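Hello,

Here is the structure I said I would pass on. My notes on it follow below.

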Amino acid sequence: MIGLFTAAEIRAAEAPLLAALPDGALMQRAATGLATVCLRLLGRAHGARATLLVGAGGNGGDALFAGAHLARRGVRVTAVLLAPDRAHAGGRAALVRAGGRMVDPSAAGAHLNRADLVLDGIVGIGGSGGLRPDAVAVVDRAAAGPALMVAVDVPSGVDADTGAVAGAAFPATHTVTFGAVKPGLVVGEGRAHAGEVHLVGIGLEEHLPVPGAWQLTDADAAGRLPLPDAGDDKYSQGVVGVVAGSSTYPGAGVLCTGAALRTRPGLVRYAGTAADGVRAAWPEAIVTDGRPSDAGRVQAWVVGPGMGTDDDARTVLAEVLATDLPVLADADALTLLAREPGLVRDRRAPTVLTPHDGEFARFGAEPGPDRIGAARRLAADLGAVVLLKGDATVVAAPGGTAFVNATGTPWLATAGTGDVLSGIAGALLATGLPAAEAAAVAAHLHGRAGQLAAAGGPFVAGDLVRHLPATINRVRGFRPGGLPDSEP
Ligand SMILES: NC(=O)C1=CN([C@@H]2O[C@H](COP(=O)(O)OP(=O)(O)OC[C@H]3O[C@@H](n4cnc5c(N)ncnc54)[C@H](OP(=O)(O)O)[C@@H]3O)[C@@H](O)[C@H]2O)[C@@H](O)CC1
Ligand SMILES: Nc1ncnc2c1ncn2[C@@H]1O[C@H](COP(=O)(O)OP(=O)(O)O)[C@@H](O)[C@H]1O
Ligand SMILES: [K+]
């Protein structure tokens, strides 16, 4: 798993190193790593032009020392000093020694127009708020030019802890971050501003605490998807119950049931008024048009997508929540629960709620720019896992542990993909995974399935279901190949 660390955690981890190492050693490590990534991105040194945007703090120091490395390799480097008197003295001297130049912001335009690479060293983890007006002017000019936009540590103007952008921020194509990945690079508006994130180690690892937030890798997801073995039968893989869709709108039931089957094809039971549609689409499912209690035994329930919000729906929801089984509540179930949150608070078994922003707001407040914080607050309030959907879906457990999803594609913004996510997560809950992990792995698989489906062009939610088996294979690292011979 990739830990996500706040600015305060990074600073605390840096402190013993700063005390133990010679002056400036940590910054040299950062600058050397930064220059190495820049050279790789540029693909050449001689003849290339780099413009550094340099603020008054350590972030500007990193940019200046990295600029000196680049200049020594033959790159034509110009530093735009936003606060000429306060820019890092050692960094300035190093750049001049290496043959780089320094200019005022008033002279930045011509350099930015011709730059192959712009390095944003305006502000890093020491910043607060959006960019200041003098910085906005040079950043706008840089963004209008043709250069690769590389942020140092954090895109200036992005809150490193939350990803919030109050006003303007540097729109990076790449961010080279030091010591550890910060949450603000992978969630909220910060995610889009950071572009591709490159982590440069500076020796902090052993000083970092256990993080409060994580990103899963394919290997992490694969490790939570056990293969069936010789001792398994259709019941032992985890039986999931689905209450979704309605006679008028069977689609949600069909998608949710299909996603559960395609994720963990042991046994899926369906109960609800979309029974005919589900039966026709998925003969493998065991279907009843009765109540959840008529469906037979399950190990987890998914309830809500497309089931309506009338009295019958409320009764069915209450029946499912009254069980001592894990329950995933989505869509219409969330609308009902926002009116009656006690139905969740009173549960002892795990509950996972999967709101998009509109559904989240029904519980009292919009998510706002700090999406991890918002998900954590609702999770703590309701005593449930909250999966807040978005381009970077966030999962928060009631105790505060959070996951930020690293996979996905904007092509997922199409009707019904949320129903698919619910089915995947329900199937994983039924295997006995802890609820927050089941939700995080589901978001990971859902995003990967979206990426795989999008490789073939625009897709709809049903295509996502069809891509799930290949997605799971890829996440596990299996590639198509020949079957072994049956002869020894
Ligand atoms: N410690 C180390 O040895 C290591 C540190 N490292 C590097 O140092 C960085 C931290 O350095 P830091 O603490 O000096 O803070 P930093 O991010 O440069 O910001 C302070 C400056 O920003 C300004 N400013 C603030 N808000 C602003 C805004 N909205 N818009 C515009 N400007 C704004 C603020 O202005 P002031 O308020 O003083 O006027 C001040 O000038 C870290 O991210 C990493 O890159 C690495 O090399 C590893 C070793
Ligand atoms: N811009 C985006 N980038 C990546 N994923 C997205 C984006 N927009 C939506 N998604 C994902 O698509 C799914 C949409 O779910 P939801 O809003 O519940 O749709 P529906 O109710 O139609 O099924 C969520 O998993 C969400 O994270
Ligand atoms: K920066």
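Which residues does L382 touch, not counting residues up to four places away in sequence? L382 touches P341, V344 and R345, where contact means that the C-beta atoms, placed from the backbone, lie within 7 Å.

Before the rest, some conventions. This is a predicted model, in which local features need pLDDT of at least 70 and side-chain atom pairs count only at pLDDT 80 or more, while totals for chains, interfaces and linings use all residues. Residues are numbered from 1 along each chain as its sequence is written, and chains are lettered from A and ligands numbered from 1 in the order in which they are written.

L382 lies in helix α15; helices (H or I, at least four residues) and strands (E, at least two) are DSSP runs, numbered from the N terminus. L382 counts as buried because it has 20 C-beta neighbours inside 10 Å; the cut-offs are 20 or more other C-beta atoms within 10 Å for buried, 12 or fewer for exposed, and partly exposed in between.

Helix α15 covers residues 371–382, and its 12 residues reach 17 Å from first C-alpha to last, close to the 16 Å expected at 1.5 Å a residue (1.5 Å times one less than the number of residues). Its buried residues include R371, I372, R376 and L378. Just after α15, G383 takes a positive phi of about 65°.

Most residues other than glycine have a negative phi. D153 is in the loop between β6 (148–152) and β7 (174–178), and is buried because 29 other C-beta atoms lie within 10 Å. A331 is in the loop between β14 (327–329) and α12 (332–339), and is buried with 24 such atoms within 10 Å.

On the ligands, a residue counts as near if its C-beta atom, placed from the backbone, lies within 6 Å.

- Ligand 1 has 27 residues around it, with A56, G57, G58, G124 and G126 nearest. Helices α1 (7–20), α2 (25–42) and α3 (58–72) each supply at least two residues of that shell.
- Ligand 2 is surrounded by 18 residues, the closest being K389, D391, L412, A413 and G418. Helix α16 (residues 417–430) gives the largest share of the shell, 4 residues.

Regards

How values were computed. Contact = placed C-beta atoms within 7 Å.
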